[in-house]
Amino acid sequence: MADDRAGRNLPPLTLHVPEPRFRPGDAADFTHFEIPPAGDSPRPPIDAAPDDMRGHSYGLVRVLDEQGDAVGPWDPRLSPDRLLRILRHMALTRAFDERMYRAQRQGKTSFYMKCTGEEGTCIPATHALDRGDMVFPSYRQQGVLIARDWPLADMMCQIYSNSGDRLKGRQMPIMYSAREAGFFSISGNLATQYPQAVGWAMASAAKGDTRIATAWCGEGSTAEGDFHSALTFASVYRAPVILNVVNNQWAISSFSGFAGAEATTFAARAVGYGIAGLRVDGNDALAVYAATEWAAERARGNHGPTLIEHFTYRSEGHSTSDDPTKYRSAEERTAWPLGDPIARLKAHLIRIGAWDEDRHAAMDKEVAEEVRAAAREAEKQGILGDGMHQPFDTMFEDVFEEMPWHLKEQSAQMHAEREAAGI
Amino acid sequence: MNMIQAINSAIDVCMDRDPDIIVTGEDVGYFGGVFKATEGLQRKYGKTRVFDTPITECGIIGVAVGMAAYGLRPVPEIQFADYIYPALDQIVSEAARLRYRSAGEYTAPITVRSPFGGGIFGGQTHSQSPEGIFTHVAGLKTVIPSTPYDAKGLLISAIEDNDPVIFFEPKRIYNGPFDGHYDRPVTPWAKHPASAVPEGHYRIPLGKAAIVRPGDDLTILAYGTMVHVAAGVIADSGVDAELIDLRTLVPLDIETIAASVRKTGRCIVVHEATKTSGFGAELSSLVQEHCFHSLEAPVQRVTGWDTPYPHSLEWAYFPGPVRLGQAIKRVMED
Ligand SMILES: Cc1ncc(C[n+]2csc(CCOP(=O)(O)OP(=O)(O)O)c2C)c(N)n1
């Protein structure tokens, strides 16, 4: 068979390996980005057929224009009060991240992950949901808990794995669980939460409930099989779920091209599944709010799931274990053409006369103080750097509802071991 | 009842008592499952409680975890245990650890049912016994029945249990016990006392083994199909062997096992799965740990070979009467 081809003088095949536009030392130039003007995208009825919405998977829903005005059919027309609450939650999240990042650098905990630059995604989205709606987050949605006014000290106790950690020191920092906040336990295995969110939504529908579910993952994680299983289930059963993809351009050091971004958008993943897809300016809090509100109404009206791609940028490193200067241009962050989500919302609020620089500066001080106070409270219950805070017995608890003999035996063995060693 | 009917009856009884039980899986709805284990359930309980799924095992279990987080008790079917691997991550990293990692905030009371084991000319993709993979995972219970009566009682316990349970059904004995002589006709369950299965609710507790046949000279530890193979071999061997059906691998009934081996001084463990790192290795270790001073011979393992499951050479792979018979001789001579 090989001989058939031998005489055909074919050019050798070549393998395409994606490469980001800029590497360290390169100037970042985003002029190739086509950014549609704010207000350009039509707002379909909530029961629109996915087929009629294809354009929304390739466009970009934007509300805030360059001057900070809210324009077009997606303007959610929120009260200044609501906008200020969203702004505050965004600022609080940034302050929280700053403080916890520093805490990690000071050796108070092992690890931390910031969401800097992405505050415009999950925070406005959470505001557009009902409190009873269930969130299946990835690890960069601390803003969901903050937008639900979850105690910061509780989150910090988890980060410190201290005696106040509701998870008994079992999870890595930031892998929160808060059932009362409708916040699912975070897994370190990427995208596993996606089918789980769909399952929760299906259960809610099967029970005739009115609550819906949301899932979050990064664009890199969309390559996981779980993501595609979840979309299949969501489509087949018209699950009342909102599937969020935060496209922050980077998955650790791999740019979005390695998840398929050179070929299409992430919102367009929806097209093949017959799901409504919306691509949204993720640095535009109003656009994100509006898209989520639309998707939530659609889900609640039994019109099925929506996939929302939040087009944004990860301003900081992937985590405290990462050095982004090793793989991307240092200029990217400042050259990012969609701006900073907090600055944009702030400009809008000033524009409508509901805010000013002084009040903003005062708010920044307040949220920093709020975070500081929470940290003091949490640190009273210990920090990871001080060693182990959980009673040793807890290690064997919760493996099963009731402890079987082999775990009892191992627990006793551990105690005997420590006693024999004089510790 | 045969084992399929007993399993069907167990799910039926549970669904009738608890509206939160939901049955999902490939072909389980209208059609009632490729082995008919869920037959009639959709008609009785409706399409929102019993329904077909797309062919994505990862999705089936992932969705079940989410349903469990909502408060339902899903009983997903994986059509053949050989296809459980795509779902492995959702079982191992998610369902098994949810209670632990959330310190009890969330639990996963899921019963994953799946036909397993060989002896039906299913080749290497319809014959595997992957129980050892799951017994190795903290947070999972693993249950394997060997009779219709046990299948129903154990499945009811599994479904009512608040932890995730892997429930492997030995498909070789769905329709009748099997003595390992593949050329002999299978006796239908109807002639077996364990086919007297009550219609209503009863439980067999997880973690309790059954002494199938008492004996003084040798202990044989088996589960699933191998219980019947062992029973046949014991009858032919003239050795007074005590046959223990483990029924649950995790949690394991160590007391019954240890008491038996201390009494008999000899032990053989039997399973269809490949030998290396199989559950037999665990059993043999436990026996050494608990009964070393009573042992009069090394513990023997009788298992499938460390090869993929072959199609045409199935009966050379299967740990049947010849392999077990020789092991009994070896152990008794020591
Ligand atoms: C199944 C799995 N594979 C690999 C990893 C290691 N890992 C952690 S985060 C990450 C990058 C994820 O990128 P993305 O989904 O884009 O999310 P982002 O961090 O950008 O928010 C990788 C590869 C993991 N946690 N889980």
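Reader: Among contacts in chain B between residues at least 6 apart in sequence, what percentage join residues at least 24 apart?
Author: The share is 77%, where a contact means heavy atoms within 4.5 Å. Before we go on, this is a predicted model, in which local features need pLDDT of at least 70 and side-chain atom pairs count only at pLDDT 80 or more, while totals for chains, interfaces and linings use all residues. Residues are numbered from 1 along each chain as its sequence is written, chains are lettered from A and ligands numbered from 1 in the order in which they are written, and side-chain values use heavy atoms, with hydrogens and water left out.

Reader: And what is chain B built from?
Author: Chain B has twelve helices and twelve strands, taken as DSSP runs numbered from the N terminus (H or I of at least four residues for helices, E of at least two for strands). Its radius of gyration, taken over C-alpha atoms, is 19 Å, close to the 20 Å that the globule rule gives for 334 residues, so chain B is as compact as a globular protein of that length; the rule is 2.2 Å times the number of residues to the power 0.38.

Reader: How much of chain B is buried?
Author: Of its 334 residues, 66% count as buried, meaning under 20% relative accessible area, with exposed set at over 50% and partly exposed in between (1.4 Å probe, protein chains only).

Reader: Let's pick a residue: is B:Arg247 buried or exposed?
Author: B:Arg247 is buried, with a relative accessible area of 12%, and its place is in the loop between strand 9 (241-245) and strand 10 (248-250) of chain B.

Reader: Which side chain does the side chain of B:Arg247 make a polar contact with?
Author: The partner is the side chain of B:Asp150, at 3.3 Å. A polar contact is a pair of N or O atoms within 3.5 Å; within protein, one must be able to donate a hydrogen and the other to accept it, and residues adjacent in sequence count only if both atoms are side-chain atoms. Leaving aside residues up to four places away in sequence, B:Arg247 also touches others, including B:Val143, B:Leu154 and B:Lys208.

Reader: Where does B:Leu295 lie?
Author: B:Leu295 lies in the loop between helix 10 (279-291) and strand 12 (300-304) of chain B, and this residue is buried too, at a relative accessible area of 18%. Not counting residues up to four places away in sequence, B:Leu295 touches B:Val261, B:Gly265, B:Val287 and B:Gln288.

Reader: Switching to the ligand, which residues come nearest?
Author: Of the 15 residues around the ligand, A:Tyr139, A:Arg140, A:Gly188, A:Ser221 and A:Trp250 come nearest, where a residue is near a molecule if one of its heavy atoms lies within 4 Å of it.

Reader: What about the ligand's oxygen atoms?
Author: An N or O atom in the side chain of A:Ser221 is 2.6 Å from an oxygen atom of the ligand, and a backbone N or O atom of A:Gly220 lies 2.9 Å from a ligand oxygen atom.

Reader: Last one, how many helices and strands are in chain A?
Author: Chain A has 14 helices and seven strands. The radius of gyration of chain A is 23 Å, close to the 22 Å of the globule rule for 423 residues, so chain A is as compact as a globular protein of that length. Buried residues make up 55% of those 423 residues.
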